[in-house]
Protein chains: 2
Amino acid sequence: MPNFSAPSLEDLAQRILQAMGLAPDDAAWLARLLVKSNLQGHDSHGVARMPQYYQMWRRGGVNPAAKPLIIQEGPVTAVMDGQMGFGQLVARDAMRLCIEKARGGGMAGVGFHNFTHLGRLADFAEMALEHSMLGFLFVGGRSADQWVAPWGGRAGRLSTNPLAFAAPAAECTPISIDYATSAVPEGVVRLKKLRGEKTPPRTLIDADGHPTDDPSVLYASPRGSILPFGGHKGYALSLMVEILACLLGRSGERLAVASVNQSRFGAFAMAIDVSRFAPADEFRKEVDSLIRHVKSSPPAPGFEEVLTPGEPEARQEQKLQAEGIPLEDETWSRIREVAAELSVEIF
Amino acid sequence: MPNFSAPSLEDLAQRILQAMGLAPDDAAWLARLLVKSNLQGHDSHGVARMPQYYQMWRRGGVNPAAKPLIIQEGPVTAVMDGQMGFGQLVARDAMRLCIEKARGGGMAGVGFHNFTHLGRLADFAEMALEHSMLGFLFVGGRSADQWVAPWGGRAGRLSTNPLAFAAPAAECTPISIDYATSAVPEGVVRLKKLRGEKTPPRTLIDADGHPTDDPSVLYASPRGSILPFGGHKGYALSLMVEILACLLGRSGERLAVASVNQSRFGAFAMAIDVSRFAPADEFRKEVDSLIRHVKSSPPAPGFEEVLTPGEPEARQEQKLQAEGIPLEDETWSRIREVAAELSVEIF
């Protein structure tokens with residue numbers, strides 16, 4: 001497998017994105033997030049997405065120069081139409097607006113819609129950290145693929161409706177949560193099927209609602225479903241995410257407008273300025289103290305230590321910054337093809 | 001078992017609470033919430049709490065005439081010191097302030113501390129509904145009994161850190177979520193132990209971190225722990241609740257003040273005015289449409305239908321409004337004792 005330094009991969013990704021019509025700042029932001037996903041061990045959201053983004057761009061499924069439009073605005077709230085821009089850019093703009101409004105008012109929320117795949121949610125929640133704010137992001141897919149069955153049901157009615165939350169620390173790694181409210185993201189089931197592997201218990205049901213460990217049920221006809229994580233509690237959380245993301249984000253109203261180029265996703269970003277509640281330095285120290293407190297628990301059998309959300313990613317990033325990012329041969333060859341088609345030099 | 005109409009039980013509870021020094025409005029509010037818990041099938045938070053509240057009041061553990069104090073305030077944020085008032089009254093005041101600020105700004109958050117047991121969280125999140133707002137409540141117990149082990153750990157480090165969320169509907173029963181981020185509340189384990197029953201899988205570990213179905217491990221020495229619900233995802237959610245409730249609610253700073261009469265809980269209430277994002281009527285209809293959509297899933301084996309959070313409570317309330325509330329003999333006899341000690345006539 002070829003191995004790349006993060007800066008060189010980021011530079012290549014940026015040049016490819018600029019060749020697709022992104023402004024230099026936008027291309028740099030998107031390239032940085034893709035490479036950061038690789039660094040943090042989430043290859044599914046890394047540079048392997050480039051060929052997919054390129055195909056989407058070629059068929060006109062994304063507007064690389066989109067300027068998100070604020071369609072409704074209050075002192076600490078807004079609704080933004082992403083104008084079918086890259087999800088990473090629309091979410092960045094929504095979160096920036098949210099942070100700006102939270103700086104003025106103390107907290108703020110921005111709903112948004114009309115954007116493409118936005119990558120890892122954590123990246124946007126974490127934008128709040130340097131401002132000593134708590135950051136939140138909720139993403140729902142209203143009429144998108146409904147892989148997830150409601151609790152007690154046997155047919156898919158919900159998307160994997162992920163959420164992210166980040167809290168600033170003083171010396172410790174900040175808390176950074178990012179997960180699907182389904183037992184697993186759909187991509188994990190797809191990968192298990194490709195590899196001929198079984199899925200873990202409490203992940204899937206077949207079309208009759210019976211538990212199964214066979215990932216192929218999700219692509220059979222009639223189709224099986226992914227379960228919410230944690231039973232009825234995860235189901236409830238998924239409904240909350242759907243209401244925040246799709247209803248506050250107003251993804252719904254666009255469904256009436258028939259257009260192949262409009263996405264089916266909605267999102268809600270939120271920021272809370274901790275200094276409106278306690279001195280920010282003290283707050284950060286309290287987060288440290290909470291982190292140290294939970295980490296002081298002796299590990300359970302099968303675990304080496306207690307980790308906090310965001311810690312595995314931070315460790316992996318430190319490791320790969322030093323060692324370089326390995327890419328699968330096929331991923332690398334597909335990126336080279338895209339570069340060639342766009343007449344972008346490899347290095 | 002004796003059986004009571006909701007109004008008669010509410011009237012009795014109100015008169016007992018007034019005899020303990022609560023203002024008529026406060027006593028009526030608290031009595032209504034206790035009886036509502038019975039009506040909705042949550043007897044653990046119903047009038048059976050009265051004798052416990054009476055004992056707490058007798059030993060000076062609650063101030064029945066407390067006036068919560070706003071100790072920090074911004075346009076859409078506040079921190080409130082509950083002055084060791086009844087949790088149901090402090091949470092009501094915090095949520096009222098939150099709703100008032102959200103009406104002005106579009107959304108708001110109020111952290112609070114120094115209150116006693118506050119009953120069902122859903123009651124406060126639901127206060128937002130008539131204002132066409134989304135309501136949230138997060139409660140954390142900073143140095144309270146740490147029943148819950150972090151994911152990957154084998155020692156208790158977190159409280160059961162519950163959360164509540166409510167969303168207004170048009171014709172359907174509103175969405176109302178209220179649950180502990182632990183696999184079960186501690187009270188359920190205690191009851192199982194009393195009844196000689198086993199706990200379900202993935203609920204408890206013993207002091208060595210091994211899974212067990214024996215509820216007595218939670219009260220053994222060294223002590224076992226309750227697991228977070230849904231593995232690492234519930235653990236992450238518990239940390240989020242702790243940060244919102246205890247750090248924004250500033251339960252921490254009081255820990256330095258040594259006083260037996262100060263509680264160890266913190267809470268964070270939040271309200272979002274949906275009309276800042278979409279016309280409120282349309283929003284309510286969209287919630288209806290989401291509810292009908294998930295309920296349209298055929299049931300899985302072992303289920304009769306798909307329910308939404310809040311539906312079981314609404315059905316039980318309708319049933320018991322008609323049939324009356326049955327109380328266990330012991331509960332009723334203890335309430336009679338309290339009434340006698342306070343010279344309150346039974347009916």
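Two exercises with worked solutions follow.

The structure is a predicted model, in which local features need pLDDT of at least 70 and side-chain atom pairs count only at pLDDT 80 or more, while totals for chains, interfaces and linings use all residues. Residues are numbered from 1 along each chain as its sequence is written, chains are lettered from A in the order in which they are written, and side-chain values use heavy atoms, without hydrogens and water.

**Exercise 1.** Determine where B:Lys101 is placed, and whether B:Lys101 is buried or exposed.

*Solution.* 
1. B:Lys101 belongs to helix H4 (residues 87–105) of chain B; helices are DSSP runs of H or I with at least four residues, and strands are runs of E with at least two, numbered from the N terminus.
2. Its relative accessible area is 10%. Buried means under 20%, exposed over 50% and partly exposed in between, with a 1.4 Å probe and protein chains only; B:Lys101 is therefore buried.

**Exercise 2.** Describe the interface of chain A and chain B by its residues, its buried area and its salt bridges.

*Solution.* 
1. Each side is counted by contact (heavy atoms within 4.5 Å): 80 residues come from chain A and 80 residues from chain B.
2. The two chains bury about 6400 Å² between them, 71% of it on carbon and sulfur atoms; this is the accessible area (1.4 Å probe) lost on being put together, summed over both parts.
3. A:Arg157, A:Lys233 and A:Phe277 supply 12% of the area that chain A buries against chain B, more than any other three residues.

How values were computed
Salt bridge = Lys/Arg side-chain N within 4 Å of Asp/Glu carboxyl O.
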